[in-house]
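Let's walk through a protein model together, one piece at a time. Have a look at the picture, and then read on.

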Amino acid sequence: MGQLRRQGSIVGIAVLAALVLGLWAGGVSSAAPSAHVAKRKSLHMTDTARLHLVRKSGNTLYEKGTATGTLPGTVSARFVTSATKVTGTVTFHSSGGGSITMTAVGYPQSAGTIARFSGNLAVRSGTGRFKNALGSGTFTGTANRRTWAVTVNASANLTY
Amino acid sequence: MRLRLRPRAALAALAVLCVVAWLDGTAAAAPVRVAAVFDRDAALGGSTALDVRLRLDPSQLTRAPLTEVRFAYPRSLGLVSSGLGLATCTRPASDFAQVLIVAPRLGGCPPNAVMGFGTALALVRLTNGQVIPEYAAVTVLSGPFEHGRLGLVVFVDGQRPFGAKLAFRGEVGDAPAPYGGALTVRMPMVPGLEELATISLVELRITIGSHAIRYYERRGGQQVAYRPTGVELPLRCPAGGFRFRAQVRFADHSRRSALSSTPCPPAFASPSSGR
């Protein structure tokens, strides 16, 4: 009987311990994301970037310019051209501080002196107030193939 | 005097024999050969004309007509980023399926569509067995943008003795590494021509971004001619030089290919490097 009582109390302690641990673990697991989300801000960004050619190296174009819209400031970009698409890295340096770097894949929609293009972008990193920025979006634009002046209209949702 | 001339003549004869033997040996070794050459003053980081030479040895190839020529170029070479092909040459579909009786200069296409000039030599084998060489001028133009690719239009303007004028369609597409893109020109059978003769291409030489190309733009209300920027060279040389690949296909579905590597030009851009 005494052994049974001891066994019962051990089981009771174990169940209690499990419940306490479970509650604690549950609390941590449910509390952590909400705290994490609460720290991150979200932003819908709609910007127009006007870029000019800085230099070329083979199939790669290096461009700089200005952005107007949600994040006004300066923009620098590196575009790698191929027969059917253009991949690039674009960095928005916000005049309010911080920067956002995005990768972009664009597809030409027309030829001629003024070529239209459109594509998708992914926000991968940032600095300053945009540290750890993440997001995605789309863009359309035109490129003057005589001067390589490029205008890009980008729209993206991001958290930081 | 005689004694001095004889060794010279013997040396010259020996040199000629060596060259002939070397050419024979090369031809025997490779039924298809390709070579790509940059401007003499080209420099890394600058722009250049790209002279492509394709040679085919009909004695080592099928007698079936040529149906496609594909020329792959290195990934780092800037063809799309060049200033070539700013206008579009759009021709009716019927132009690509017949011998053109009347073809205006550039096939009636805008001068700003020209991407390259060249020449071709073909052997025309008549039904009676007679073989006649035909020389032609070739113009490569940018065509309509279709299915996400830049189109090409190639005009072959026969000079002598037949003077046949033909138009072919092509495109600039992707190519697997180490190549970045490929110019493809398709040569379907021209109805009516196959009953008269078999045409075997022997040599095709095209200069993309040729110095002879002139574009026109409006500046200050006036039409001004300028030479478009040629093919862009990267600042760094790819390992092993610039590698090119040519592939030809024939009507009997056989295909042949050839590789070439172009050495790197100097690593500095002089002001006169083709810009």
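Predicted model: local features only at pLDDT ≥ 70, side-chain atom pairs only at ≥ 80, totals over all residues.

Residues are numbered from 1 along each chain as its sequence is written, and chains are lettered from A and ligands numbered from 1 in the order in which they are written.

Where in chain A is the confidence lowest, and where is it highest? Helix α1 (residues 2-39) of chain A has the lowest mean, 47, and strand β2 (residues 60-69) of chain A has the highest, 97. Helices (H or I, at least four residues) and strands (E, at least two) are DSSP runs, numbered from the N terminus. Over residues 15-33 of chain A the pLDDT is below 50. Chain A as a whole averages 83.

Now find strand β8 (residues 150-159) of chain A. Strands pair if DSSP finds at least two bridges between them. Strand β1 (residues 42-57) of chain A pairs with β8(A) in the antiparallel sense over ten bridges, and A:R50 stands opposite A:T151. Strand β7 (residues 134-144) of chain A also runs antiparallel to β8(A), joined to it by ten bridges; here A:F139 has A:A154 as its bridge partner. In the hairpin of β7(A) and β8(A), five residues lie between the strands, and A:W148 takes a positive phi near 60°.

Definitions and conventions. Buried ≥ 20, exposed ≤ 12 C-beta atoms within 10 Å, placed from the backbone. pLDDT = per-residue confidence, 0-100. Contact = placed C-beta atoms within 7 Å.
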